[in-house]
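Dear colleague,

Please find the structure below, together with a summary of what was found in it. I would be grateful if you could read the notes with the model open beside them.

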Amino acid sequence: MDLVQLQRQLVEYRTSLYHEGFLDEQYTQLQELQDENNPDFVVEVVSLFFEDSERLLNELTKALEQQSIDFKRVDAHVHQLKGSSSSIGAQRVQKVCIAFRNYCEEQNVEGCLKCLQQVRHEYSLVKTKLESMFQLEQQILSAGGSIPM
Amino acid sequence: MGMAADSEFHVLAVDDSIIDRKLIERLLKTSSYQVTTVDSGSKALEFLGLHEDDRIHQNTPSVSPNNHQWRLQEVEVNLVITDYCMPGMTGYDLLKKIKESSSLKNIPVVIMSSENVPSRISRCLEEGAEEFFLKPVRLSDLSKLRPHLLKTKSKDHCKEQVDEKPAFPSPKQEGKEEQQQSKNNKRKAMEEGVSPERTRPRPNGITSMV
């Protein structure tokens, strides 16, 4: 695939992520903070998000496996995940977190377990998609091109 | 002091989220501020030279100089921007402690929160916060900081009283989340374990360095 095709593919892919609600305006904000002095900013922040989310998902799993569930603790983790997903523009993850928090408040175990499953799913989707997008970007850069906005 | 014009202000950012710390750091640097980030309110107070239980009174010329006092005066923070929801000390608690401190109360404080709770906002503003930003914070929000910083420029709330450059602990030993960004910052590494400023000050004097 030549450079122009790659660039077109990237723009299309990225646009679809916004249309499907995987990413929102905040992701654009992140891109705008990246420049030639900080060329890896977006990848770095997103990588931190991946690490942090995986940690939180593990904590959530453990917390919901307990005999006696500490909903405050569960809520605290979801709150963190909601915050970080919002900070990078991972809209679908953020939305599930909102529902998740409501179940925590109601102390609804089933609701929480359902949301945990959902948030794991949304997280894994957005992770895969972002990684694909980064890969495309890298291909473009390696071919000597620049990333179209 | 020799500070470059475009990095004349030093902002201390406080947030327990590593993602948000990275973000706020980038936002602040893009806005040409010097930045230090810490991951808790207590670390923020330590950085500012204030301990949770102790009060440090800076402007007492009769007191013999020691590293304690020097450290305070070396690190000039022009603004504190803090997350509201943090484990342990909340951003509100931190705000209160800063405003209650004779040495720190003139430092403008800005609160950030992911939750739009009107009562929370008014409580913070009443306690003396200059601004309340909803997260995620944007570059356009940061443009609101400048007037508060310019106001403090003329205030000499961190005057140097001694000539000698002191040594004090490297921030790295206090937690890996702290970052020192500025070349102009005069912190120097000190041997670990010797921290006289960790001890409680005597009423009319300060414990001497070991």
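In what follows, the axes of packed elements are lines fitted to C-alpha atoms, for helices over the stretch in contact, and angles run from 0 to 180 degrees between N-to-C directions. Helices (H or I, at least four residues) and strands (E, at least two) are DSSP runs, numbered from the N terminus.

Please note that this is a predicted model, in which local features need pLDDT of at least 70 and side-chain atom pairs count only at pLDDT 80 or more, while totals for chains, interfaces and linings use all residues. Residues are numbered from 1 along each chain as its sequence is written, chains are lettered from A and ligands numbered from 1 in the order in which they are written, and side-chain values use heavy atoms, with hydrogens and water left out.

Chain A

Chain A has six helices and zero strands, in the order α-α-α-α-α-α from the N terminus on. Its C-alpha trace spans about 55 × 30 × 20 Å along the principal axes.

Two helix pairs deserve a description. Two packed helices are described by the angle between their axes and the distance between the axes. The axes of α2(A) and α4(A) lie 6 Å apart, at an angle of about 60°. That angle makes α2(A) oblique to α4(A), given that angles under 35 degrees count as roughly parallel, over 145 as roughly antiparallel, 65 to 115 as roughly perpendicular and the rest as oblique. In this pair, A:Gln26, A:Tyr27 and A:Leu30 of α2(A) meet A:Ser86, A:Ser87 and A:Ile88 of α4(A), where contact means heavy atoms within 4.5 Å. By class, three of these residues are nonpolar, three polar and none charged. Here Ala, Val, Leu, Ile, Met, Phe, Trp, Tyr, Cys and Pro count as nonpolar, Asp, Glu, Lys and Arg as charged, and the others, Gly among them, as polar.

For α2(A) and α3(A), the angle is about 130° and the axes are 8 Å apart; these helices are therefore oblique to each other. The residues that meet are A:Tyr27, A:Leu30 and A:Gln31 from α2(A) and A:Phe41, A:Val42 and A:Val46 from α3(A). This contact has five nonpolar residues, one polar and no charged ones.

The interface

How much area do chain A and chain B bury between them? The value is about 1600 Å², with 63% of it on carbon and sulfur atoms; buried area is the accessible area (1.4 Å probe) that two parts lose on being put together, summed over both. Chain A gives 18 residues to the contact and chain B gives 14 residues.

Two salt bridges cross the interface, a salt bridge being a side-chain nitrogen of Lys or Arg within 4 Å of a carboxyl oxygen of Asp or Glu. A salt bridge joins the side chains of A:Arg101 and B:Glu115 (2.8 Å, N to O). On the side of chain A that touches chain B, the elements that give two or more residues are α2 (25-32), α3 (41-65) and α4 (71-88). The largest share, six residues, comes from α3(A). By class, this side of chain A has seven nonpolar, seven polar and four charged residues.

Salt bridges and backbone

Over all chains, the count comes to 16 salt bridges. One of them pairs A:Glu59 with A:Arg73 (3.4 Å, N to O). A:Glu59 lies in helix α3 of chain A and A:Arg73 in helix α4 of chain A, 14 residues apart.

Most residues other than glycine have a negative phi, and most peptide bonds are trans. A:Gln107, however, has a positive phi, near 55°, and sits in the loop between α5 (91-106) and α6 (109-142) of chain A. In chain B, the peptide bond from B:Lys135 to B:Pro136 is cis, with omega near 0°. B:Pro136 is placed in the loop between β5 (131-134) and α6 (139-142) of chain B.

Yours sincerely
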